[in-house]
Amino acid sequence: LFFLLIPKINCKPKILTGVDHLSQTNFSILQGKRVGLLTHPAGRNRFGHSTVKVLRTAGNLELLSLFGPEHGIYGDEKAAVLVDDKIDQKTGLPVYSLYGKYRKPTPGMLLGIDSLVIDLQDVGVRCYTYVSCMRYAMEACFEQGVEVVVLDRPNPLGGLKIAGPMMDEECMSYVGAFPMPFVHGMTIAELALWAKKTPGILKISESIRKKGKLTIVPMKGWNRSMSWPQTGLRWYPTSPNIPTLDSVAGYPMTGLGAQMGKFKHGIGTPHPFRLLTFEGMKSTDLKRELDSLNMAGLDFRLKTVSNEKGQKVEGVYVVIRDWSSWKPTELAFYMMQLSAKWEKPSPFVKAVKSEITLFNKHVGSMSWWNHLHTAGSSVNPRPYLRRWDADVKKFRSKIRSYLLY
């Protein structure tokens, strides 16, 4: 395992991301190497230049191919839609899709590559598939003797927020590829380091894991308490429904809560994951019910907007009033409680097998599902939230030695 270390550099941006740090060293770790790049539109340096352009113009390395995650290398593909391989019209390079026929790079894709550089902006949530894409790529590269170089980026939820249920082994999938809480509090390079050093996370033999070469290019100037605005970086949409920082914070708050039942969370409006509606209920009544939950750090405001079809939508906008006391996943489980209370029969009782499977792949807790399925209208998340808080403390202790900042 190698870490890139350079003297502290004085510059205007408040932090240097991994790609900026790499550039400051004149790409020394990639000198003379044949390189593949796994990235997307949010993979940019502090000047807004894409990492594709940065590596193409480096001069002392050869960029041979590009690899794209879910949503494609340009971020314009819809969620859960398979993406084909193609030739990049801007560079003429082959683009191998890792969200199409293959999720894991094939030996042919990696042929002739010395190093696979990974520059992906994650959002700090377990089911967001970029970290899964990284894990699968690490496995393939280690099996083929290809170095993995991870360019680190901030966790936009910061490095202190960890919340939600742990992932049960039987629920693991591409939307749950790491045994961690729903909000994990790690950077993408810290996840890579944890996977490299810990038996069982990468689904390869122990001998191959130990031999695999991982090089991390860390950030400079970032600390775990930083919010995204404190970094001085511009936010670039990481996927079609995560266009802004508001949607980043909304993703763990409402995503799970609207997965089954009559809740909607603003997809198709200017406020994805932040504007709540419930089919058949007035927004004033919904606000009153949400207010009564007295959730730490949250306020709820009535808001009327137009959706992408030009239709008026009246809903309840979720406001984070106090970041320090806000619990990122709590609202989602109270949304499930309300769905079970208001819908007859409960959506968790009448769900079909395919819906149940998908739900549990995202949530990750079979004990919670069993409660939802058997409690009828009397769902109570409180004891589960307390249990998960205790699990989070254990997880925080477990990963401490892999934290870079």
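Two strands are said to pair if DSSP finds at least two bridges between them. Keep that in mind for the next minute. The model on the screen is predicted.

I will begin with strand S12, residues 312-320. Strand S11, residues 298-306, pairs with S12 in the antiparallel sense, over nine bridges. Strand S10, residues 275-278, also pairs with S12 in the antiparallel sense, over two bridges. Look at Tyr-317 in S12. Tyr-317 is the bridge partner of Leu-275, and Tyr-317 is also the bridge partner of Arg-301.

S11 and S12 form a hairpin with five residues between the strands. In that hairpin, Gly-310 takes a positive phi near 85°.

Why is S12 described as largely enclosed by the rest of the structure? Buried means under 20% relative accessible area. Seven of the nine residues of S12 are buried, so the strand is largely enclosed.

The largest pocket has a volume of about 920 Å³. It is lined by 33 residues, and the closest to its centre are Glu-70, Ala-79, Ala-80, Tyr-251 and His-362. Helix H12, residues 353-363, gives the most to this lining, with three residues. By class, the lining of the largest pocket has 17 nonpolar, 11 polar and five charged residues.

The second largest pocket holds about 370 Å³ of space. Its lining has 21 residues, with Ile-162, Ala-163, Lys-327, Pro-328 and Asp-389 nearest the centre. Which helix supplies the largest share of that lining? Helix H14 does, with eight residues. By class, the lining of the second largest pocket has nine nonpolar, four polar and eight charged residues.

Technical notes: Residues numbered from 1 in each chain as written. Predicted model: local features only at pLDDT ≥ 70, side-chain atom pairs only at ≥ 80, totals over all residues. Heavy atoms only, no water. Buried < 20%, exposed > 50% of the residue type's maximum accessible area, 1.4 Å probe, protein only. Helix = DSSP H or I, 4+ residues; strand = E, 2+ residues; numbered from the N terminus. 1 Å grid on protein atoms, 1.4 Å probe; cavity = no way out; pocket = protein on both sides within 12 Å on 5 of 7 lines; lining within 4 Å. Points joined across faces, edges and corners; volume = space filled by probe spheres on them. Nonpolar A, V, L, I, M, F, W, Y, C, P; charged D, E, K, R; others polar.
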